[in-house]
Amino acid sequence: LIPLFRALQRSGNSRQAFTRSAAFATGWLCATFWWLYIAMHTFGGLPAVLTLVAVLGLAATLALYYAAAGALYWKLGAIRPALAAPAFAALWTMAEMARGTWFTGFGWGAMAYAHTGGPLSLWIPVLGAYGVGALAAWCAASLAQVDRAGWWQRGSLLVLLTVGLLPVSFQATTSNGSLAVALLQGNIPQDEKFDSGTGVPLALQWYADQMQGSQAELVLAPETAIPLLPQDLPTGYWEAMNQQVAQGHSALLTGIPLGDYTQGYTNSVIALSPASSEVWRYDKHHLVPFGEFIPPLFK
């Protein structure tokens, strides 16, 4: 973020600040979810040119949040140097939060992901992803203008980074004991995962075997581990899974698609517990463009 902050400081008007922020964010976001090219072109069969347009278009659209933040920061150009870093951090964080929330949300590659290690990682349990992203933006802006910063700003930056390097940790929660957990991840080839002749029967059999053989108190299976709607599962599969949980000691969380043509479809997770006959359900609402819905003009 240091180059972006310096570029904003050198911008001649809000339009230039908007353009520079947009270019920076577009390049950064393309580098974050470049693998969408593989998903859409290699496995989805979308022509290469259209795939490039899709990935670049998605990045450029999401970059508008940061472009608006950059333009607004420039309009606050009369702000005192001592307040420049906090203002930049606040606007950047608002852009991050908007990207992760509005229009289904697309929070992949949040700035805090780069700080799971290093001096800012200490603050993650306390401030969360957006809080650490704000600290990163504040530190970057402070370092970019350290020669102009006041004594309190330099001192605060030094304290923040020094504390982050100390061998201490925050106790954000209190432990209530331990839980044996089994994490399942079937090695199903991506181009066969939803193939009715290969990937689907392989996934159904593998996950059923793993769930049945697990001795853990909680079994976690990934997104769409069961790759069929409940009504499309082989006869007795759903009943056997429910009965296995009811008669055993392991609770189960697994991804599965739910819904129908009339009500619509959801990318969901269900939870089964031996202590209750109720089936818990959660439907994903932060949907991924091209992965879980098709944006306009691509239909």
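A salt bridge, as used here, is a side-chain nitrogen of Lys or Arg within 4 Å of a carboxyl oxygen of Asp or Glu. With that in mind, remember that you are looking at a predicted model, in which a search of the whole structure finds 3 salt bridges.

**First stop.** Select glutamate 223 and lysine 284, whose closest N and O atoms are 3.7 Å apart in a salt bridge. Glutamate 223 sits in the loop between β2 (218-220) and α9 (237-247), and lysine 284 in the segment after β5 (276-283), so this pair ties together parts that are 61 residues apart in sequence. Glutamate 223 is partly exposed, at 45% relative accessible area, and lysine 284 is partly exposed too, at 28%.

**Next, arginine 281 and aspartate 283.** Their closest N and O atoms are 2.8 Å apart, forming another salt bridge. Arginine 281 is partly exposed at 49%, and aspartate 283 is partly exposed at 27%.

**Now go to helix α5 (residues 81-101).** Pick glutamate 96 and arginine 99, which are 3 residues apart in α5, so about one helical turn separates them. Their side chains meet in a salt bridge (3.1 Å, N to O). Are they buried or exposed? Glutamate 96 is buried at 5% relative accessibility, and arginine 99 is buried at 1%.

**Last stop: two helices.** Select α1 (residues 2-10) and α6 (residues 124-144), which pack at an angle of about 60 degrees with their axes 8 Å apart. That angle makes α1 oblique to α6. To see the contact, show Ile2, Phe5 and Arg6 in α1, which meet Ala140, Ala141, Leu143 and Ala144 in α6. By class, this contact has 6 nonpolar, no polar and 1 charged residues.

Methods:
Residues are numbered from 1 along each chain as its sequence is written. This is a predicted model: local features need pLDDT of at least 70, side-chain atom pairs count only at pLDDT 80 or more; totals for chains, interfaces and linings use all residues. Side-chain values use heavy atoms; hydrogens and water are left out. Axes are lines fitted to C-alpha atoms, for helices over the stretch in contact, and angles run from 0 to 180 degrees between N-to-C directions. Helices (H or I, at least four residues) and strands (E, at least two) are DSSP runs, numbered from the N terminus. Angles under 35 degrees count as roughly parallel, over 145 as roughly antiparallel, 65 to 115 as roughly perpendicular and the rest as oblique. Contact means heavy atoms within 4.5 Å. Ala, Val, Leu, Ile, Met, Phe, Trp, Tyr, Cys and Pro count as nonpolar, Asp, Glu, Lys and Arg as charged, and the others, Gly among them, as polar. Buried means under 20% relative accessible area, exposed over 50%, partly exposed in between (1.4 Å probe, protein chains only).
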